[in-house]
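Me: I would like to go through this chain with you and ask, term by term, what each label rests on.

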Amino acid sequence: MRPPFHRFFRLPFHPSRTGAPAALAALTIAGLLTACAGTRPGKPQVLEGTHPDGTPHYRVEQDAAGRKHGAERWWHDNGVLKLEAFWREGLRDGAYRAWYPDSVPWYSGRDSMGVPVDTLRFWHPNGVLQSLSVFSGGI
C-alpha cells in the first residue's frame with residue numbers, strides 16, 4: 001500500500017521497492033517535510049546585518065533555494081544607502097543604483113533577468129558623469 005504523502009511528494013525511490021529500512025524512509029520523509037515546512041513558495045527569506053554601531057549594513061531577500069529574490073540593499077557606515085538592486089530567481093531584474101558615502105551617485109543601470117538593457121551610467125565622486133553605455137539585447 002502506498003502511503004498518502006506520495007500524492008504530494010515524489011521521492012526518487014519508493015522505500016518498499018528498494019528494500020530501504022523503514023527508519024531510513026521515515027527520516028527521508030521527515031527531512032522533506034521539515035525542509036518544505038520552513039519556507040513558503042514566493043515568500044522570501046530576509047538576511048540582515050548591522051554595522052558595529054547598530055546602523056543597518058545590508059538587507060538581502062532570498063528564495064527557498066538560497067538565490068537572491070527580491071530587494072537587496074547595502075548601507076555605508078554613515079547610514080547612507082550604498083546599493084539598491086532587485087533580483088528574481090538569482091538574476092538581477094530591474095533598476096539598480098549605487099551611491100558614494102556622501103550620497104553622490106556612483107552608478108545606475110537596469111537588467112532584465114540578468115541581461116543588461118537600457119543605459120548604464122558611472123559617475124566620478126565629484127558628481128561628474130564618467131561613462132555612459134547603452135545596451136540593446138544584452139549588447
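Reply: Let me begin with a definition: helices (H or I, at least four residues) and strands (E, at least two) are DSSP runs, numbered from the N terminus. This is a predicted model, in which local features need pLDDT of at least 70 and side-chain atom pairs count only at pLDDT 80 or more, while totals for chains, interfaces and linings use all residues. Residues are numbered from 1 along each chain as its sequence is written, and side-chain values use heavy atoms, with hydrogens and water left out.

Me: Where is the place of Leu-129?

Reply: Leu-129 lies in strand β9, which covers residues 129–135; the chain as a whole has two helices and nine strands, in the order α-α-β-β-β-β-β-β-β-β-β.

Me: Why does Leu-129 count as partly exposed?

Reply: Buried means under 20% relative accessible area and exposed over 50%, with partly exposed in between (1.4 Å probe, protein chains only). Leu-129 has 41% relative accessibility, and therefore counts as partly exposed.

Me: What makes up the largest nonpolar core?

Reply: A nonpolar core is a set of buried Ala, Val, Leu, Ile, Met, Phe, Trp, Tyr and Cys residues joined through side-chain atoms within 4.5 Å. The largest one here has seven residues, namely Leu-83, Ala-85, Trp-87, Tyr-96, Ala-98, Tyr-107 and Leu-120. Strands β4 (81–88) and β6 (94–99) each supply at least two residues of this core, and β4 gives the most, with three.

Me: How much of the chain counts as buried?

Reply: Of its 139 residues, 27% count as buried.
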